[in-house]
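Trainee: I would like to learn how to read pockets and helix packing. Could we work through one model together?

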Amino acid sequence: MASSSSLTLSQALLARAISYHGSTQSSDHRVSLSTLSLPTYSGLKYTTLRASTSRRRFPTRSFQNRQVRAAAVETIGTAAETSLVEKSVNTIRFLAIDAVEKANSGHPGLPMGCAPMGHILYDEVMRYNPKNPYWFNRDRFVLSAGHGCMLQYALLHLAGYDSVLEDDLKNFRQWESRTPGHPENFETPGVEVTTGPLGQGIANAVGLALAEKHLAARFNKPDNEIIDHYTYVILGDGCQMEGISNEVCSLAGHWGLGKLIAFYDDNHISIDGDTDIAFTESVDTRFEGLGWHVIWVKNGNTGYDDIRAAIKEAKAVKDKPTLIKVTTTIGYGSPNKSNSYSVHGSALGAKEVDATRKNLGWPYEPFHVPEDVKGHWSRHVPQGAALEAEWNAKFAEYEKKYKEEAAELKSIITGELPAGWDKALPTYTPESPADATRNLSQQNLNALVKVLPGLLGGSADLASSNMTLLKMYGDFQKDTPEERNVRFGVREHGMGAICNGIALHSPGLIPYCATFFVFTDYMRAAIRISALSQAGVIYVMTHDSIGLGEDGPTHQPIEHLASFRAMPNVFMLRPADGNETAGAYKVAVLNKKTPSILALSRQKLPQLAGTSIEGVEKGGYIVSDNSSGNNPDVILIGTGSELEIAAKAADELRKGGKAVRVVSLVSWELFDKQSDAYKESVLPSAVSARVSIEAGSTFGWEKIVGAKGKAIGIDRFGASAPAGRIYKEFGLTPEAVVAAAKELC
């Protein structure tokens with residue numbers, strides 16, 4: 001692949017996305033770029049791109065790590081004749097109906113009701129390039145009501161995205177389809193974020209809009225507004241009911257995210273029936289109280305001009321996000337099932353499909369796009385290329401005049417880390433003072449923010465306890481969006497999901513968020529979406545064990561380490577001291593496809609001999625060993641604050657003549673990725689005498705210590721007392737490790 005210096009910024013991004021995605025799968029799942037030809041500017045050499053994108057190879061974060069993501073085209077406000085608009089809207093409806101019917105699975109109701117607003121957004125309003133879904137300055141679209149994904153797939157298909165061809169529509173919800181049952185950003189170029197769990201999408205959208213506002217404040221100049229795009233969302237009654245939506249919309253109003261425009265599909269139907277059975281609040285009044293501008297479109301079924309006027313009004317409001325409540329009929333056009341729960345989550349059935357075709361005057365075969373509709377939408381391909389070319393020229397001028405800012409912005413857009421960035425990580429010796437790993441974490445954050453232009457984040461109202469403040473920056477607020485400390489308030493769930501949106505906005509944005517480790521219970525759904533959507537959020541989780549002491553069992557995590565080790569595509573890291581904390585941050589920054597959770601101590605810990613950044617990168621490594629021939633008498637294994645206990649126990653056992661190896665197993669997931677030879681060099685299979693110690697559940701440790709080994713941990717809730725007393729009462733002591741080891745060797 002040509003280097004980025006031989007291409008325009010957009011070409012380099014697209015080529016990087018393709019090469020990073022891999023090309024080993026069937027060509028049926030590829031987006032051909034052999035004909036891509038984008039203009040170049042600023043004297044940069046043009047290199048033809050010839051590559052193809054292959055579909056998912058999880059956990060690879062395809063189309064997301066070192067590239068820019070997808071969305072849409074603007075038609076500069078040009079509307080087609082009403083008859084053609086209606087025909088286009090019905091095309092969207094029937095593509096959704098036909099796909100759901102063929103799969104005999106899916107949610108046709110939302111696409112049928114939301115087709116008018118979807119058409120106006122993708123055909124008349126949004127700016128995007130279908131042939132380069134990763135153009136940086138595109139508008140972003142999020143379908144928070146992800147169950148209605150056939151709406152988005154139909155729109156991507158009409159707009160000319162190569163990721164959703166007719167065969168993809170026909171393979172809706174099938175094995176290895178690019179049109180899965182809910183939108184997946186790693187699967188379908190043109191989909192920004194992974195949605196489905198209700199409320200996550202609107203939260204991601206807040207993160208996307210935050211990223212736009214932050215970057216615009218940092219890089220726009222009076223003579224060159226290089227960052228200027230909107231985030232559009234469609235959310236439904238279910239999203240409104242989920243608490244996370246209130247958390248994030250409260251923040252969006254507080255931050256004044258004026259380029260966030262949310263369409264509320266007000267159809268009054270959920271799975272159980274009419275929303276009157278459980279949801280009777282005034283959404284309008286609530287959002288006004290949250291600081292949003294609110295508009296009501298009373299006829300979302302055929303009121304095209306009302307929808308257009310609402311968008312125009314929303315764009316005129318610069319200092320507030322806008323909620324456009326659009327009253328629609330779920331399943332619009334279905335004579336017997338519209339406005340009922342029966343059209344929400346199942347196929348219409350052959351008879352009702354025929355009745356709907358007759359009702360809407362649709363004489364076409366399944367999946368047919370009429371020629372006049374196809375011709376009308378075809379303009380988005382050249383228009384999108386022109387929009388991107390115009391932006392490329394604008395960036396070239398920006399780069400000439402503002403070299404330093406352009407280089408920093410390019411790093412954020414491409415995800416290329418500055419050369420030698422990891423040299424900023426602090427290192428420690430056994431003579432360095434003891435400290436809590438939460439404090440050592442803050443040292444790392446403040447060192448990294450000087451060299452990583454995309455690092456930003458904050459805490460859920462615990463910054464002074466999580467130790468996450470970036471000391472050289474102020475707070476990201478409505479009037480100071482260029483700053484990099486984000487105050488999330490007591491909103492853990494919303495915080496995590498907002499960070500997912502930030503991470504998926506641009507590959508070089510590295511968001512972190514923080515709370516007490518036990519309160520990951522409030523944000524587990526967002527962390528799971530981080531892992532699934534391959535968003536490299538850094539979760540800074542302090543107060544990681546009973547070591548927090550007097551706050552007691554409500555605040556003391558027990559099962560949490562085991563639960564995250566069970567979650568796919570997550571790095572669960574529990575560093576023991578300064579060097580391991582620095583190593584954990586290196587892992588987190590480098591692995592943009594995988595979220596990292598850092599479990600950090602409240603209590604002070606010594607800087608141990610033998611720990612290293614390089615060791616952490618392997619997940620598990622030998623800290624000390626007085627054996628020879630890879631054959632110790634016993635192996636002691638610890639993580640975090642208990643590595644010190646293992647080291648002290650080893651000293652005692654060695655005094656008795658034992659050959660003892662101490663292993664730090666800071667990340668099981670990283671260790672699992674190592675070669676069999678390396679793992680054997682650390683944990684030789686011939687040595688069955690193994691003792692682990694960790695201030696958490698022993699669940700899963702048999703995998704490490706084996707059937708003959710011993711796992712020392714806590715399989716009950718904690719207690720309120722000083723940390724030292726709790727450790728002693730629970731048997732987490734060097735003496736307990738020594739006793740267990742002596743039973744084995």
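Trainee: Which element gives the largest share of the lining of the largest pocket?

Mentor: Keep in mind that this is a predicted model. As a general idea, rolling a probe the size of a water molecule over the atoms shows where empty space is left. In this model, helix 7 gives the largest share of the lining of the largest pocket, with 4 residues.

Trainee: What volume does the largest pocket have?

Mentor: The volume of the largest pocket is about 380 Å³. Elements that give two or more residues to its lining are helix 3 (109–125), helix 7 (237–241) and strand 4 (269–270).

Trainee: How many residues line the largest pocket, and which lie nearest its centre?

Mentor: The lining has 23 residues, and those nearest the centre are Leu198, Gly238, Ser270, Ile271 and His344. Sorted by class, the lining of the largest pocket holds 10 nonpolar, 10 polar and 3 charged residues.

Trainee: How much space lies in the second largest pocket?

Mentor: The second largest pocket holds about 260 Å³ of space. It is lined by 14 residues, and Lys213, Gly256, Gly258, Lys259 and Lys318 are the closest to its centre. Helix 6 (residues 200–219) supplies the largest share of this lining, 4 residues.

Trainee: Now the helices. What describes two packed helices?

Mentor: Two packed helices are described by the angle between their axes and the distance between the axes. Take helix 2 (residues 82–103) and helix 3: their axes cross at roughly 125° and come within 9 Å. Helix 2 passes helix 3 in a right-handed crossing.

Trainee: Which residues make the contact of helix 2 and helix 3?

Mentor: From helix 2 come Val85, Ser88, Val89, Ile92, Arg93, Ala96 and Ile97, and from helix 3 come Pro111, Met112, Ala115, Pro116, His119 and Glu124. By class, this contact of helix 2 with helix 3 has 9 nonpolar, 2 polar and 2 charged residues.

Trainee: At what angle do helix 2 and helix 4 pack?

Mentor: Helix 2 and helix 4 (residues 150–159) pack at about 120°, and their axes are 9 Å apart. Helix 2 is therefore oblique to helix 4. Their crossing is right-handed. On the helix 2 side, the contact is made by Thr91, Ile92, Leu95, Ala96, Ala99 and Val100. On the helix 4 side, Met150, Leu151, Ala154, Leu155, His157 and Leu158 take part. The contact of helix 2 with helix 4 includes 10 nonpolar and 2 polar residues, and no charged residues.

Trainee: How far apart are the axes of helix 3 and helix 10?

Mentor: The axes of helix 3 and helix 10 (residues 304–316) are 10 Å apart, and the packing angle is about 60°. Helix 3 and helix 10 are therefore oblique to each other. Helix 3 passes helix 10 in a right-handed crossing.

Trainee: Which residues of helix 3 and helix 10 make the contact?

Mentor: Helix 3 uses Pro116, Met117, Ile120, Leu121, Glu124 and Val125, and helix 10 uses Tyr304, Ile307, Arg308, Ile311 and Lys315. The contact of helix 3 with helix 10 divides into 8 nonpolar, no polar and 3 charged residues.

Definitions and conventions
Residues are numbered from 1 along each chain as its sequence is written. This is a predicted model: local features need pLDDT of at least 70, side-chain atom pairs count only at pLDDT 80 or more; totals for chains, interfaces and linings use all residues. Side-chain values use heavy atoms; hydrogens and water are left out. On a 1 Å grid over the protein atoms alone, a cavity is a set of points where a 1.4 Å probe fits but cannot get out, and a pocket is an open set with protein on both sides within 12 Å along at least five of seven lines; lining residues have an atom within 4 Å of a point. Grid points are joined across faces, edges and corners, and a volume is the space filled by probe spheres set on the points. Ala, Val, Leu, Ile, Met, Phe, Trp, Tyr, Cys and Pro count as nonpolar, Asp, Glu, Lys and Arg as charged, and the others, Gly among them, as polar. Axes are lines fitted to C-alpha atoms, for helices over the stretch in contact, and angles run from 0 to 180 degrees between N-to-C directions. A crossing is left-handed if the near helix is turned anticlockwise from the far one by less than a right angle, and right-handed if clockwise. Contact means heavy atoms within 4.5 Å. Angles under 35 degrees count as roughly parallel, over 145 as roughly antiparallel, 65 to 115 as roughly perpendicular and the rest as oblique.
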